[in-house]
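Visitor: I would like to learn how to read a few features of a structure, taking each general idea together with its case. Could we begin once the structure is in view?

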Amino acid sequence: MGPSGSYFVNQGHFIRAHFSSGLSPTLAANSDMAPPRILLCGDVLGRLNQLCKRISSVSKSAGPFDALFCVGQFFPEASEGLQEFNQYIEGSSKFPIPTYFIGDYGVGAPKVLSAASKEAANKGFKMDGLKVCENLYWLKGSGKFTLHGLSIAYLSGKQSASGQSGVYSQDDVDALRALAEEPGIVDIFLTNEWPSQVTIGAASSDIPSGISETTGTDSVISDLVSEIKPRYHVAGTMGLFYAREPYVNANAVHVTRFIGLAPVGNKEKQKFIHAISPTPASTMCPAEICAKPPNTTLSPYTLSERATNIEVAANKSGESASDSQYWRYDVSKRQKHGDGTGNKLCFKYISSGSCPRGEKCHFRHDEEAREQSIRGVCFDFLNKGKCEKGPECNFKHSLQEEGDSGSARRSFSGTPKSYRSKECWFCLSSPNVESHLITSIGEHCYCALAKGPLVEDHVLIIPVEHLPNTLSLTAECETELVKYQKSLKAYFENQEKEAVFFEWVSRRGTHANLQVVPIPSSRASGIQDIFNLAAKRLGFKFKAIEGDNSSESRRILRMQYDKSDSLFYVELPGGAILSHEIEENERFPIQFGREVLAGLLNMADRADWKNCQLSKEEETEMAESFKKRFESYDPIR
């Protein structure tokens, strides 16, 4: 797993100054710390010895540096370079600092990257990099993640019409367009190819000779950078170095700096490595963000008179005609506008009902799919017919009839009429339920061990009825849930542990589950502080509820809960509850509770449940063992 990892436990270095148990790196990062020091590099072309020698040299004179980002072709141009390259992949030579690359093409790339993709630790959605070898991470496809406080966005691969490896897809482009709508400023945007028209409006004396606006540039990237509006845009492949004057962005207060980097070891001795030390935008004051150097120009993309019909890569990596089988509707009835030449849906239209590209959009604007989305159906399910997020997905995975579940933006009724999905992971009647993990079944609730547990005896309390959260339970169901809570507390207390309960309540929730994680009693005193520090890092403050006991605190929270809102809450040892109402456009980490506890317990590698999966045989053995130990405490016994 890349060192950036999940939001609270895998970024940078652990800081242990505030709590003896240790804090996650992201929590420790704050505005008082020195800005991260980042190296940027152009096309490596497999010349790893020369690259690492240069890193060591620069580090001695101006370091240390926190990370290296490589743009342009990372792999060798010819098979003669594979021996040197493979020394690093096989571990006989090592990268001196964490190194990230997006140029996933060249000789040897398919073999190396295929092997990396099959590693268990690289399964699932990993925007922060797939580990290839020690200190080397592949930024696959497109995405956005946080590293040392910096917001990093990237587009891996390059534009091509030939369908070879190392080509970005329209799915990748669409995902970046969706990310551009999220709040916050992107600090660094990485692409392999240059954007078209980037030199328009720039001082001609600063433009290197040999730049061609028709060769080696990509108009799709021009569109993306116009929407993302990063503070730094870094690219390679052009074979030369160019640092453009800053330019202003439309509808944004900050400027963008474009940096084009030359290949490692180029004969012209053009600059191939560049150091920056940007303060994360999330910690900057408005005056700093708005600052514009004297040489700032207008945006080259607003000045440009490019043709309106922008050509997008025709052959999408990983797609084929067989993808059409995933679509479940009649094409002739569903398309509203957009050119509809592809089989994929427009995320902007489906999520918001409009798309600024209109008929020029290369994705389908589908009214029926939009209506299904409003009813709470997963976009990936609509787009591909399948969803790989598993139990973490808060959306439905089957088509909804009108009136089945109402708008995804409205509260669920919490009545027996609530939709019971055949795809649900927690409905006892579902073929997908992991019944071998169930440890106790009551009349209204049941207990099961968590899949991919953070620690031993990581438990879920789940209502039998398909309800969206445990704050909307009937009185009988709430009574039984509290019984399970008390029994689990007594069970853990006998092991000198304390139980921590938390729940992510989404307005689009499907089947509720209250997570129960035991922590050593010796760590319990610092838990409220570490959750508050995590909240501060994300820019919010928890609301504390302190009843006479945990049941009273839950009663108060249930009374205060607005069913139209999303909410995260955690019940601490002692019964106090910390809660946070999540705004409509707030980007709240889906594994927040688990990540904070992983930081508390010094278990960075277990923050993501997908890294902790066991075989069915191991899960069955674990469940049977828990049943025996919990038997005397089980309230349903």
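Visitor: Which residues in helix 2 meet residues in helix 3?

Guide: Helices (H or I, at least four residues) and strands (E, at least two) are here DSSP runs, numbered from the N terminus, and contact means heavy atoms within 4.5 Å. On that basis Leu48, Asn49, Gln50 and Cys52 in helix 2 meet Glu84, Phe85 and Tyr88 in helix 3. Before going on, note that this is a predicted model, in which local features need pLDDT of at least 70, side-chain atom pairs count only at pLDDT 80 or more, and totals for chains, interfaces and linings use all residues. Residues are numbered from 1 along each chain as its sequence is written, and side-chain values use heavy atoms, with hydrogens and water left out.

Visitor: How many residues of the contact of helix 2 with helix 3 are nonpolar, polar and charged?

Guide: They divide into four nonpolar, two polar and one charged, where Ala, Val, Leu, Ile, Met, Phe, Trp, Tyr, Cys and Pro count as nonpolar, Asp, Glu, Lys and Arg as charged, and the others, Gly among them, as polar.

Visitor: At what angle do helix 2 and helix 3 pack?

Guide: Two packed helices are described by the angle between their axes and the distance between the axes. Axes are lines fitted to C-alpha atoms, for helices over the stretch in contact, and angles run from 0 to 180 degrees between N-to-C directions. Helix 2 (residues 48–62) and helix 3 (residues 82–89) pack at about 55°, with their axes 9 Å apart. That makes helix 2 oblique to helix 3, since angles under 35 degrees count as roughly parallel, over 145 as roughly antiparallel, 65 to 115 as roughly perpendicular and the rest as oblique.

Visitor: How many disulfides does the structure hold?

Guide: A disulfide is a covalent bond between the sulfur atoms of two cysteines; the criterion applied is a pair of cysteine sulfur atoms within 2.5 Å. The structure holds zero disulfides. Cys52 is in no disulfide, and the nearest cysteine sulfur, that of Cys70, is 9.1 Å away. The sulfur of Cys477 is 3.5 Å from the closest cysteine sulfur, in Cys445, which is too far for a bond.

Visitor: Is Cys477 buried or exposed?

Guide: Buried means under 20% relative accessible area, exposed over 50%, and partly exposed in between (1.4 Å probe, protein chains only). Cys477 is buried, with a relative accessible area of 4%, and Cys52 is buried as well, at 7%. Other buried residues of helix 13 include Leu481, Val482, Leu488 and Phe492.

Visitor: What span should helix 13 have, and how far apart are its end C-alpha atoms?

Guide: The expected span of a helix is 1.5 Å times one less than its number of residues. For the 19 residues of helix 13 (residues 475–493) this should give 27 Å, and the end C-alpha atoms are 27 Å apart, which agrees.

Visitor: Where does a cis peptide bond occur, and which residue other than glycine has phi near 55°?

Guide: A cis peptide bond joins Gly63 and Pro64, with omega about 0°, and Pro64 lies in the loop between helix 2 and strand 2 (67–70). Phi is near 55°, a positive value, in Lys269, whose place is in the loop between strand 14 (255–260) and strand 15 (273–276). Lys269 is exposed, with a relative accessible area of 76%.
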